[in-house]
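Welcome! Let's take a friendly look at how charged side chains pair up in a protein model.

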Amino acid sequence: MNKGIRFTEEFRQDAVAQVVERGYAVSEVAERLGISTKSLYTWKAQCAKSPHVRSEVAEQAAEIRRLK
């Protein structure tokens, strides 16, 4: 049984960061990335529960700001 498309952890983190850190609407990000809003809300909830993931997202955001 096929469970659908699997997304990388990096893809998920970036999608959540667009909502949480950059302030885009969930529906806008989901449409732009071709994913369901349900998936994005699920990833966002998982991110909120995992301090390790939050720190990785924060580190990536800091690195992006530094590179800009």
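Is Arg-32 buried or exposed, or partly exposed? With a relative accessible area of 43%, Arg-32 is partly exposed, because that class lies between the 20% limit for buried and the 50% limit for exposed. Keep in mind as you explore that this is a predicted model.

## Salt bridges in the model

Side chains of opposite charge can pair when their charged atoms come close. In this structure there are three salt bridges. Let's visit them in turn.

## The pair in helix H2

Arg-32 has a partner: its side chain forms a salt bridge with that of Glu-28, at 3.4 Å from N to O. Look for both residues in helix H2, which covers residues 26-33. They sit four residues apart there, about one turn of the helix. Glu-28 is partly exposed too, at 39% relative accessibility.

## The pair in helix H4

Now move along to helix H4, residues 51-67, where you will find Glu-63 and Arg-66. These two are three residues apart, again about one turn of the helix. Their side chains meet in a salt bridge with an N to O distance of 2.8 Å.

How do they sit relative to the surface? Arg-66 counts as exposed, at 57% relative accessibility, while Glu-63 is partly exposed, at 35%.

## Arg-22 and Asp-14

The remaining stop is the salt bridge between Asp-14 and Arg-22, whose closest N and O atoms are 3.5 Å apart. Arg-22 is partly exposed, with a relative accessible area of 41%. Asp-14 also counts as partly exposed, at 34%.

Key
Residues are numbered from 1 along each chain as its sequence is written. This is a predicted model: local features need pLDDT of at least 70, side-chain atom pairs count only at pLDDT 80 or more; totals for chains, interfaces and linings use all residues. Side-chain values use heavy atoms; hydrogens and water are left out. A salt bridge is a side-chain nitrogen of Lys or Arg within 4 Å of a carboxyl oxygen of Asp or Glu. Buried means under 20% relative accessible area, exposed over 50%, partly exposed in between (1.4 Å probe, protein chains only).
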